Structures are given as C-alpha cells and as structure tokens.
Amino acid sequence: MIDIYIYENDTALLSLFSQSIENFILIDELDMNLRLATNNPSDILDKASSSKNTCLFFLNIDLNIDMNGLILAQTIRKLQPLCFIVFITSHSEKIFMTFQYKIEALDFIIKDTYDKMKSKIHECLLDVVDKYAAANSYLLKTFVIPLDQRRIIINYNDILFFKTSKDFHKIILYARNRTIEFPAQLKEVELQLEEPFFRCHRSYLINTTQISEVDFQTGMITMADGQVCPISMRMKKILKKKLERGK
C-alpha cells in the first residue's frame, strides 16, 4: 500500500489534484490511498511521521509561508527516507533548486492547463507503482497479484494461506489484514512461491511460518489468525519433517 499526501496552497488546484488522484486510483485499481490533501505543512509532517506505509508526496514549491516546499521536503525526507516526492511549481527555474537541497525528487509538475497537470499526475502514480514493486521484490520476498490494471504487492510474512475458490479458476488469498480473490490456479501460484509455502492439501497452500498449531490426528492446521486448514494424509509426514527442520 502507498499513502499519498498533497500539499498545495491554491484551493482550486488542491481540489483538482485530490479528485484526479482518487479517480486514477479507482479507475486503474491502484494499491494506493489518498491520506491527506491540505494547505497546512504541520498536518503533512504529523501524518508522515506516523505512516508505516511507503509514501508519495505532491508538494508545492511556491509557498508564501516560512516553510517553503523545499524545506518541507527536506524534513519529510528525514522522516521517510524511502518516500517519493513530486514537486509542483509555476516556475520551472526553481526545479534546479531541488538539487541544492539534495531532496532527490521523483518528478516535477509544472502548473499548466488542467489536462496537462492531470496527465502528469497519472504518469507519476504509475511510475511510483512500478518503482515500489521493483524495490519490494528486491528487498523482500513478495507475491504480486495482477488484477486488470491493478497490482497488489504482499510480503510473504503477511500471507497466511491460499485456498481454491468456489468460482472456477479463482483462488483466495488470506493475509493478515485482508482477503483477496483473484483469477489463478493453485498449482500456478505454488510454482511462483518459495519457502516457507507448503501445499498441504489439493485446495490449500499455507505459509508454514504462520502456523499456530497442527493436530496430526484430526488432520487440521490452525493458522495464526485462528482459521483452520486441512492437511491430506500423504502430506502429514512431509509437513511434520518440515516443521521439525524449522521450515
């Protein structure tokens, strides 16, 4: 999940940016959330300091207050070192100032026609999605679910288990804080995943690190959230050895 923040002192533009972003998230089914749109820099810093997700900031450089967009961005970068920052400005010459402040901006939106600004916002959103996916695949083991234009990225340690759906050619992913149904076959997903996932049953693929208890007599596995998954007779010995090895 990517949290989005907008800081713009022009009320009309603030509304435009907010509406455009919400529309793009909805239409493209992006795994993003517009957390805050404001003209108060303190609100941005308060929210940013408590966010546990990757953050994307749209910041106006041209602020007629003590804290301009560049100083705000510097402070944000200290709070969220891995965040994405996009600057909004009506003066293209100010772009070069961002290098002096060593902010490492992702992109710049020049205040122009509404259509041009909306198009640029869309480009930035898609660019961040791609960079976020690449970074997470490199740093952590992740599973990516493609849903039309949407890509949902879930860390291995957040996944409890997969289960075949009643709908043909669909499976259900049960994670710590969400449940997602998507088109796929369990065998295909099994081939994509690495340890610690285990096919305990023809209809279930579990994360062995999320097991709370296994009753080999009844053939039932209790997961960390209390849900129960069955284990087939022929997979009992394999699972027992895997758990004994700590996998």
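Modeller: Leu59 counts as buried, because its relative accessibility is 0%; buried means under 20% relative accessible area, exposed over 50% and partly exposed in between, with a 1.4 Å probe and protein chains only. The model is predicted: local features need pLDDT of at least 70, side-chain atom pairs count only at pLDDT 80 or more, and totals for chains, interfaces and linings use all residues. Residues are numbered from 1 along each chain as its sequence is written, and side-chain values use heavy atoms, with hydrogens and water left out.

Leu59 belongs to strand β3; strands (E, at least two residues) and helices (H or I, at least four) are DSSP runs numbered from the N terminus. If neighbours within four places in sequence are set aside, the contacts of Leu59 (heavy atoms within 4.5 Å) are Tyr7, Gly69, Leu72, Ala73, Ile76, Ile85, Val86, Phe87 and Ile88. Glu8 lies 51 residues from Leu59 in sequence, yet their C-alpha atoms are 6.4 Å apart.

The surrounding sheet is open and has 5 strands, in the order β2-β1-β3-β4-β5, with parallel pairing; two strands pair if DSSP finds at least two bridges between them. Its edges are β2 (32-38) and β5 (107-110), each of which pairs on one side only. On average, with direction ignored, neighbouring strands here are turned by 20° against each other. Such angles run from 0 to 180 degrees between N-to-C directions, and the axes are lines fitted to C-alpha atoms, for helices over the stretch in contact. At one end of the order, 4 bridges pair β4 (residues 84-89) with β5 in the parallel sense. Ile88, which is among the contacts of Leu59, has Ile109 in β5 as its bridge partner.

Helices cross this sheet. Helix α1 (residues 11-28) lies across β1 (2-7), β2, β3 (54-60) and β4, at about 175° to β2. Helix α3 lies across β1, β3 and β4, at about 170° to β3. Gly69, Leu72, Ala73 and Ile76, all named as contacts of Leu59, fall in the range of α3, residues 69-79.

From α3 the packing continues to helix α2 (residues 41-50): the two axes come within 10 Å and cross at roughly 10°. The two helices are therefore roughly parallel to each other; that term covers angles under 35 degrees, while over 145 is roughly antiparallel, 65 to 115 roughly perpendicular and the rest oblique. On the α2 side, Pro41, Ile44, Leu45 and Ser49 meet Leu72, Thr75, Ile76 and Leu79 of α3. The residues of this contact divide into 6 nonpolar, 2 polar and no charged. Here Ala, Val, Leu, Ile, Met, Phe, Trp, Tyr, Cys and Pro count as nonpolar, Asp, Glu, Lys and Arg as charged, and the others, Gly among them, as polar. Leu72 and Ile76 take part in this helix contact and also touch Leu59.

For reference, here is pairing elsewhere in the chain. Strand β8 (residues 159-164) runs antiparallel to β9 (residues 170-175), joined by 5 bridges, and Thr164 stands opposite Ile171 in β9. β8 also pairs with β12 (residues 204-207) in the antiparallel sense over 3 bridges, where Phe161 stands opposite Ile206.
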